[in-house]
Amino acid sequence: MLSRSILGDYFAMLRHWAWLLVTIAVIFGTTAYVVSDHQPRVYQASTTILVDEAKANADYQSTLLDERRAQTYAQLLTTEQLLTTVIQKLGLHMTTRQLGSMVAVKVVRDTQLIMLQVRDTDPQRAARLANTLATTLADQTQNTRASRFGISKDSLQQQMSGLDKQIHQTEASLAQAQTNNDKAKQDQLQASLTQYRSIYANLLQNDVQLQLAEAQSSSSISQADPAIADTRPVAPRIAYNALIAAILGVVLAAGSVLLKESLDDSVKNPEALSVALGLPILGLIARIDRTKRSGLIVVEQPRSPVSEAFRVLRTNFQFTGVDRPIRTLLVTSPSQDEGKSTLCANIAAVLAQSGQQVMLVDGDLRRPTQHKLFELTNRSGLSELFKQPLSELENVIRRTSIKGVSLVTAGAIPPNPAELIGSEKMRGILQQLQTQADIVLIDTPPVTPVTDAVVLAQRVDGVVLVVRSDVTKMSACQQAVAQLQHVGANVIGLVINDISPRRARYEYAYRGYYNAYYGSHNKRRLQLPSWLSRKHQQTGTQVQVQPISALRDSPLKGKSSQHQ
Amino acid sequence: MNTTPAVLFVCTANLCRSPIAMGLFAQQAGKRDQGRVWRIESAGTWTVEGSSVPRNVQLAVEERSIDLRHHRARTVSRALLQSFDLVLVMTADQREALELEFPEVASNVHLLSEMAGYKYDVPDPINGSIKDVRMVAHEIALLLNSGFEWIAQQIVNRREQTTHLVAKTEQVLKVNTSQEW
């Protein structure tokens, strides 16, 4: 019936823990949201700087060169010197390191553009910083150029003025030589003068060229796109952070759950337990709401799914005794606190409800509880019988509030329960009790801590092992079954107790009730409180049958069903 | 005394078997018992009050011209059970639960299959496919078809018994009073 894949098991597990995953995700997400929300808002201003050598012959080579130059300028933007200048210009109170961390520079690939981004908590200041950085860079570059040209121009001017002086001297000497009529000197001076003049012409040409170059280089750095203050913050990214944190939370929680479940040895899957122990499951009992309950649930709430589960248990139990009717049944559990006594009392009640005379014996001489469940005193009971003749048995059998259920309480707690339980007297008591009822049901201490149950198990027709879902360890179950079977006890099956509603819904859809009635189609329904919903809901449908003639005229559909 | 025969169908959640039985029985009554008005209702032993019928069930009964879209689940109560001549449940479990909790109406509670001369549980198709619901609807239809006369007879008998009992009681009272006088 239930061969489930491993993947299916994981899904069931995750669905089972879905509440935890959702909670963790919400906590993580909310925390990230709040933290991000408290972070100062950061605004970004960006500007684009164009590095352009305004040359007449703009060939590919020079463009490549410009790109490399753009890299250089990009580096220049974050130099100490430039940043200091900008801080001074804007009169800011910050270190160059601080400013440097706010500035991001990037050369746009395959272009001569530099992208300059400034992040600041003040959008206006971010824009101002970006613009000032760009203009300062442009100014400085301009200045560097200008000063370099200035030196060249100065030396050229010096040379020219020196040459000019020499030309004037030579012309004066020539005029003197003409008056003296010194022909040789005249020729010599004439040649020098020609030479000087040609040098001067060259220098003059250089000067023009220099001026031209200077004019061309003036526009090499310019702001292509001035920064504008953007009032939309770029950080923190609140929704993004919250989402990432929530996803992280889910992943972490899922990981922890998988780890926890893989390390957890407790019984989670009844079918797996049944296969591992080679024992049938007689009943699956859901968790009983202890706050509302007084008395036994099969008596107090016979219509409840839990009571129904007990009746299923009764039916299954009747099937197991087909060949060899079970007149004495021992109820025990692998370890403590598995709800075996309450379960035992409910089984007694549900058996009695089917018309059987049930003798319930509290064989737990260590921690007796049956008298509490049936609200009786524990003055005289089983332990007293060991000191008295068997004929006294009649006096310890108590009638209970439940028709068909008689109870032998445990009596005073003896020092040697295991010895008493294993005595010949006990065998006699059991035989005697069988004559008084259709079935004798014995509640005993758990199997693994003490030997009482194992000792008694040899003397009864059948043993039922109660296992508490999510609590009892698989290893404890295996040990208990091994111990019981070792002494030849007839372990007829398992009862899984205290199944949580969530597990019942997702995993143990055995009888279909949890899944069907409280799971699938009502899962998405919002349950209104009863005082609120009573006003609005129409419960029950009353059908008034129309005469056949009326029925023929208008089909039953939608017409004849009226609401109260 | 109210002369309208009253039948209550009971299942677990009041979302599938009992509403189907209610609808089918209304059709039967309309066909066979012309002129007489029946009171036919349904309830569940353990319901989520106000739940509506699952889609599968609605689709399956539409094929039989039954409309359960406005049906809402409700739970049985002592007052409700007492107001019917006959309470027909789907399973022996439900009968046992009702008998235990409401012993005073125990004699009115019967298995639906008993009406047709059998004694078995009508299975719960709530988790199944539309096919399963159809099969259960078919089964209920068969049971009601062969059990209709018996159901009607049961109600008549019950009425007569009650009338008889009332008459007898009145008689006894009269005798007693006359003797005293």
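**Salt bridges, rings and burial**

Tutor: Arg32(B) and Glu149(B) form a salt bridge whose closest N and O atoms are 3.3 Å apart, a salt bridge being a side-chain nitrogen of Lys or Arg within 4 Å of a carboxyl oxygen of Asp or Glu. This is a predicted model, in which local features need pLDDT of at least 70 and side-chain atom pairs count only at pLDDT 80 or more, while totals for chains, interfaces and linings use all residues. Residues are numbered from 1 along each chain as its sequence is written, chains are lettered from A and ligands numbered from 1 in the order in which they are written, and side-chain values use heavy atoms, with hydrogens and water left out.

Student: Is Arg95(B), which meets Glu114(B) in a salt bridge, buried or exposed?

Tutor: The N to O distance between the side chains of Glu114(B) and Arg95(B) is 2.9 Å. Glu114(B) lies in the loop between β4 (109–111) and α5 of chain B and Arg95(B) in helix α4 (residues 92–101) of chain B, so the pair ties together parts 19 residues apart in sequence. Burial is judged by relative accessible area (under 20% buried, over 50% exposed, partly exposed in between, with a 1.4 Å probe and protein chains only). Glu114(B), at 21%, is partly exposed, whereas Arg95(B), at 16% relative accessibility, counts as buried.

Student: Why is the pair of Phe25(B) and Trp38(B) classed as it is?

Tutor: Rings of Phe, Tyr and Trp (its six-membered ring) pair if their centres lie within 6.5 Å, and planes under 30 degrees apart count as stacked, over 60 as edge-to-face and the rest as tilted. The structure holds six aromatic pairs over all chains. In the pair of Phe25(B) and Trp38(B), the ring centres are 5.1 Å apart and the planes lie at 80°, so the class is edge-to-face.

Student: Over which ring does the charged end of Arg39(B) sit?

Tutor: A charge sits over a ring if NZ of Lys or CZ of Arg is within 6 Å of the ring centre and within 35 degrees of the ring normal. For Arg39(B) the distance to the ring centre is 4.1 Å, and the ring is that of Phe84(B).

Student: Which backbone oxygen does the side chain of Ser36(A) reach?

Tutor: Ser36(A) is found in helix α2 (residues 18–38) of chain A and is buried, with a relative accessible area of 5%. Leaving aside neighbours within four places in sequence, Ser36(A) is in contact (heavy atoms within 4.5 Å) with Arg41(A), Pro236(A), Ile238(A) and Asn241(A). At 2.6 Å, the side chain of Ser36(A) reaches the backbone oxygen of Ala32(A).

Technical notes. Helices (H or I, at least four residues) and strands (E, at least two) are DSSP runs, numbered from the N terminus. A polar contact is a pair of N or O atoms within 3.5 Å; within protein, one must be able to donate a hydrogen and the other to accept it, and residues adjacent in sequence count only if both atoms are side-chain atoms.
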